[in-house]
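Q: I would like a close look at one part of this model, followed by how the rest is arranged around it. Please keep it plain.

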Amino acid sequence: MQPASAFTSRVIELWRRLGEVNDPELDEPITEMGFVERAEVVGDGSVEVDFRLPTYWCSPNFAFLMLDGVRKALDQLSWSPAYRVKLHDHMFAEEVNRGIAAGKAFGEIFGELAEDLDLETLRETFGVKAFKRRQEAVLVGLRQHGLTDREILGMDLTALDAARFEPGEAAKQKPRYRAAYVERFPGRRQVDPVFLTCEGAPIPTLTLGAYLADLRAVRINMEFNGALCRGLKHTRYKELGVVDGEPTLVDFIMDRVPVPAATRI
Amino acid sequence: MYRTPEGKDIFVVDGHTHFWDGSPENQKNIHGKQFIDCFYAYHTGLSPKEQLWEKSKFEKYSAENLCNDLFIEGPDDIAIFQTTSLSDFYKTGFGCIKRTSEIAKKYPGRFIVNGSFDPRDGEKALEYIHFMKETYDIKGVKMYTAEWNGASKGWRLNDPDAYKCFELCDKLGIRNIHVHKGPTIIPLNKDAFDVHDVDHAATDFQGLNWIVEHCGLPRLDDFCWIATQETNVYAGLAVALPFIHSRPRYFGEVIAELLFWIGPEKILFGSDYAIWTPRWLVEKLWAYRIPEDIAAERGVQLTDEIKEKILGLNAARLYDIDIAARKAEFANSPFSIAAE
């Protein structure tokens, strides 16, 4: 790649910020799911983002949560640009686009359709699932590494940071588990055990197997959605990030060269 | 009939098939177009490449295609039609009971036609259940709790209106209630995948069988827990099974959970034709072994005996199919497509 010009560094910053927004239901970055179809810094520095979900029917509340996340991500860009975010081909695209542009809350956009939905509760529900899924990947990775259950459950934050995994699910989820742990339990000390239930209870060594079986069920559910969404997204619209299987600029920016199989299918 | 590579004949009941018309001519509005497009995305997203159909064939296939894919090229002995009317999206319905019944009449013994109703229609729903029983002698129904109806954006199996309908089903001997709990259309703001209403309904209607289609994915854990508590709750494999091709290890995890929690007697095969065709699904299922570490973790195996149950024996029990008699009958008169 060429040395980063001011323009390129803005593009990189834009994609990095967008990559921090997760699909709440799948706990996967929206950029990896291919939902961000286009994100550009135009001539005057303003930003345009086109967003497309796997189906016309995707749940509007999740669409809203993601677009709200995009809005917040764009607010953090260093050059404070004006921006336009647009949801395409969704049964509520018009309502959501108008609402997002006006900075409205979900309930305001959908009015009576939203009924008694509390988005914060929904966010928390999926926050718990994300915590469990990330934790499972790390725990399984540590077990595969040959650590005993006692050793694993005795690990603190320092030990977690020192752990190294082969490329794979555990390596991917370790920093994400760390982030979820620190966010959920801000009062924990560096020397406190880093693996505990999402309610904050310790996990007894003898029951780690059963505990992992519960976590596995959470992952199976989330993976089902993820695999389905990927398949649907890919076939609904041509994957724009990859042209004829060759990586594009975006792939380099997203540090996904070689292009992961999932986006190629 | 599916003949295994070892030469064994397996009786196949396909618990989930459709004969739809999603063609542009039948679409009432943009929703109709988007609905069939979504199904097509499932088809292209999870099928092996060599099984892909042209879009126009997928939108509307002939009775001949149907019979060929299920019974001639395909391994099915008996196929169950699940009615999905979607009358707000399609002029003559997406999969209407009249159309499926006509096909069923042409091929006696080959099809079981299930009806559907919307309990929110109140008295009309009750009348319609009577009508379906008298006209088509239905043995089961397909329920879609996430469907919109006027101001309502979904319903629950344990709503009072629904209970009136199930009481009537029980009385009329419509015993098999297939419930769509899986990927939904238009889940506006609820957790439309929630499966807890199955628990209540199954407890209160012990005489009915509750077949949860798509085995409650993506709420497999909740579903398994409920199905373990309730003896009359079953898992339909439609949509879960195609993962056997694209993500075999993942399929292993799903089937291991099902076997561990609810056991081999309560899992039913379904192709969800025409989203997928049964032949490759059955072939792959027969050849499948759960990866060793997953099998060891849950202490389960997917043996040939269990596969035979999943492919036909379990559904035969629910629908009173006398397999020995039907085998003999089908052997004497192999399937041939009737002239139009």
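Predicted model: local features only at pLDDT ≥ 70, side-chain atom pairs only at ≥ 80, totals over all residues.

Which residues of helix α3 (residues 63–72) of chain B are buried?

A: In helix α3 of chain B, the buried residues are Leu66(B), Cys67(B), Asp69(B), Leu70(B) and Phe71(B). What do they pack against? The partners are β3 (13–17), β4 (78–81) and α11 (278–287), which also belong to chain B.

Now place the helix in its domain. The assignment for chain B gives domain 1 as 1–113 + 237–326, and domain 2 as 117–219 + 228–234. The centres of these two domains, taken over C-alpha atoms, are 20 Å apart. Across the boundary, 20 residues of domain 1 of chain B are in contact with 18 residues of domain 2 of chain B. On the domain 1 side, α4 (97–106), β5 (111–113) and α10 (248–261) of chain B each give two or more residues. That side has 14 nonpolar, five polar and one charged residues.

Next, the sheet. Five strands of chain B form an open sheet, in the order β6-β7-β8-β9-β10, with parallel pairing. Its edge strands are β6 (140–143) and β10 (267–268), and each of them pairs on one side only. Look inside the sheet at β8 (residues 209–213) and β9 (residues 233–236) of chain B. Three bridges join these two parallel strands. Here Ile211(B) stands opposite Tyr234(B) of β9(B).

Then comes the packing. In soluble globular proteins, nonpolar side chains tend to be buried together. The largest nonpolar core of this model has 141 residues. Those with the most contacts inside this core are Leu67(A), Val70(A), Val198(B), Trp210(B), Val212(B), Ala235(B) and Leu258(B). Helix α9 (residues 208–236) of chain A gives the most to the core, with nine residues. Take Val198(B) as an example. Leaving aside neighbours within four places in sequence, Val198(B) is in contact with Leu157(B), Val179(B), Lys181(B), Trp210(B), Val212(B), Ile226(B) and Val233(B). A second, separate core has 14 residues, including Ala130(A), Val138(A), Leu153(A) and Ala180(A).

Chain A also divides in two. Domain 1 of chain A covers 6–117 and domain 2 covers 120–223. Their C-alpha centres lie 29 Å apart. Six residues of domain 1 of chain A are in contact with seven residues of domain 2 of chain A. On the domain 1 side, three residues are nonpolar, one is polar and two are charged. An unreviewed UniProt entry places the feature "domain: MIP18 family-like" at residues 15–79 of chain A. Over that stretch, the chain is 31% helix and 25% strand. The C-alpha atoms at its ends are 14 Å apart.

Finish with a residue in another helix of chain B. Lys327(B) sits in helix α14 (residues 323–332) of chain B. Is Lys327(B) partly exposed or buried? Lys327(B) counts as partly exposed, because it has 14 C-beta neighbours inside 10 Å. A buried residue would need 20 or more. Lys327(B) and Ile10(B) are 317 residues apart along the chain, and their C-alpha atoms are separated by 9.9 Å.

Key. Residues numbered from 1 in each chain as written. Chains lettered and ligands numbered in written order. Buried ≥ 20, exposed ≤ 12 C-beta atoms within 10 Å, placed from the backbone. Helix = DSSP H or I, 4+ residues; strand = E, 2+ residues; numbered from the N terminus. Contact = placed C-beta atoms within 7 Å. Pairing = 2+ DSSP bridges. Domains from an automatic or database assignment. Nonpolar A, V, L, I, M, F, W, Y, C, P; charged D, E, K, R; others polar. Core = buried A, V, L, I, M, F, W, Y, C linked by C-beta atoms within 7 Å. UniProt positions renumbered as here; feature names shortened; annotations may be inferred.
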